[in-house]
Amino acid sequence: MRWAKRLLFLGLFIATCQWLDTIKDRWYIFDPQSIHELAQAAIASAPHQNDTGSMINHIVSNLTATHPSSVIRINPKQQEWVFSNAGGAMGAMYIIHASITEYLIIFGTPLGTEGHTGLHTADDYFNILVGEQWAFKPGSLEMERYPAGSVHYLPRGTAKQYKMHEGCFALEYARGWIPLMLPFGLLDTFTSTLDIPTLYHTFRITGREMISNLLIGKI
């Protein structure tokens, strides 16, 4: 009887997860096309080709002006950068938005980096603002090249090797089940860097943004 109850609970849990996955799009606020257009507009607005700071300011100002704070929370603290070590790659990120079904960040490094994309439960749209990214997947004999103004689309359940060259920064938009992506983004802290202050600030900022969005009904 105990095992029957456990199997019943497991079956109900799986069925609930499958049902939620079919309706998750009703909680999206952003869409890939508008984010891509915003990234291209930010590039065009910058007074210099590699003026990443100006591009970020354009992005945040636009999102703040076009998305009411009663509907979605945009993090305006552009100084709030933290390291990101994941899949063997290292850079820094500024979390613009984080909720259960979406995140929007600036990610990059002036030094360059390389690693594994991770295998995720969300679709990922990597809009290059400055520099260039290369990517490769098993079976391909030629690399994929993504210059500034382009978008690298990584469907959920897909993994690649990627490389960001010196001075590469991107506006990254992910939509799907974001909490399930967190272990990939945090595990290197426990197995390699042991950078506890970065771990704390990542939890603090991500948790603050997700909870703030939940409080206004943004899942």
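**Figure 1. Helices α4 and α5 of this predicted model run roughly antiparallel to each other.** In this close-up, helix α4 covers residues 182-193 and helix α5 covers residues 196-215, and their axes come within 10 Å and cross at roughly 160°. Since an angle over 145 degrees counts as roughly antiparallel, the two helices are therefore described in that way. The crossing in which α4 passes α5 is left-handed. On the side of α4, the residues that take part in the contact are L182, L186, T189 and F190, and on the side of α5 they meet L199, T202, F203 and T206. Sorted by class, the residues of this contact comprise 5 nonpolar and 3 polar ones, with no charged residue.

**Figure 2. Helices α2 and α3 pack at an angle of about 130°.** Two packed helices are described by the angle between their axes and the distance between the axes. Here helix α2 takes in residues 32-45 and helix α3 takes in residues 52-66, and their axes lie 8 Å apart. That angle makes α2 oblique to α3. The crossing in which α2 passes α3 is right-handed. From α2, the residues L38, A41, A42, I43 and S45 reach the contact, where they meet S54, M55, H58, I59, N62 and L63 from α3. By class, this contact of α2 with α3 holds 7 nonpolar and 4 polar residues, and no charged ones.

**Figure 3. A42 of helix α2 is in contact with M55, H58 and I59.** A42 counts as buried, because its relative accessibility is 0%, and the cut-off for buried is under 20%. The contacts with M55, H58 and I59 are those found when neighbours within four places in sequence are left aside. Between A42 and H58 there are 16 residues of separation in sequence, while their C-alpha atoms are 5.6 Å apart in space.

**Figure 4. An open sheet of 6 strands is built with antiparallel pairing.** Strands of a sheet pair through backbone hydrogen bonds, either parallel or antiparallel. In this sheet the strands follow the order β1-β2-β3-β10-β5-β8. Strands β1 (81-86) and β8 (151-154) stand at the edges, and each has a single partner strand, so one side of each is left without a neighbour in the sheet. From one strand to the next, the twist averages 30°. Helix α2 packs on the sheet, where it touches β3 (102-109), β5 (122-130), β8 and β10 (168-176), and the direction of α2 makes about 10° with that of β5.

**Figure 5. N85 lies in strand β1 and stands opposite M90 in β2.** The antiparallel strands β1 and β2, of which β2 spans residues 89-98, are joined by 6 bridges. N85 counts as buried, because its relative accessibility is 14%. When residues up to four places away in sequence are not counted, N85 touches M90, F184, G185, D188 and T193.

**Figure 6. Strand β8 has a covered face and an uncovered one.** The covered face of β8 carries H152 and L154, whereas the uncovered face carries V151 and Y153. Strands β5 and β8 run antiparallel and are joined by 4 bridges. In one of these pairings, Y125 has Y153 of β8 as its bridge partner.

**Figure 7. H36 of helix α2 is in contact with N127, G149, S150 and V151.** These contacts of H36 are listed with its neighbours within four places in sequence left aside. H36 is buried, because its relative accessible area is 15%, which is to be compared with the cut-off of under 20%.

**Figure 8. A135 is found in strand β6, which spans residues 132-136.** A135 is buried, with a relative accessible area of 3%. Not counting residues up to four places away in sequence, A135 touches M143, E144, Y146, H152, K160, Q161 and Y162. A135 and P179 are separated by 44 residues in sequence, and their C-alpha atoms are 25 Å apart in space.

Key:
Residues are numbered from 1 along each chain as its sequence is written. This is a predicted model: local features need pLDDT of at least 70, side-chain atom pairs count only at pLDDT 80 or more; totals for chains, interfaces and linings use all residues. Side-chain values use heavy atoms; hydrogens and water are left out. Axes are lines fitted to C-alpha atoms, for helices over the stretch in contact, and angles run from 0 to 180 degrees between N-to-C directions. Angles under 35 degrees count as roughly parallel, over 145 as roughly antiparallel, 65 to 115 as roughly perpendicular and the rest as oblique. A crossing is left-handed if the near helix is turned anticlockwise from the far one by less than a right angle, and right-handed if clockwise. Contact means heavy atoms within 4.5 Å. Ala, Val, Leu, Ile, Met, Phe, Trp, Tyr, Cys and Pro count as nonpolar, Asp, Glu, Lys and Arg as charged, and the others, Gly among them, as polar. Two strands pair if DSSP finds at least two bridges between them. Buried means under 20% relative accessible area, exposed over 50%, partly exposed in between (1.4 Å probe, protein chains only).
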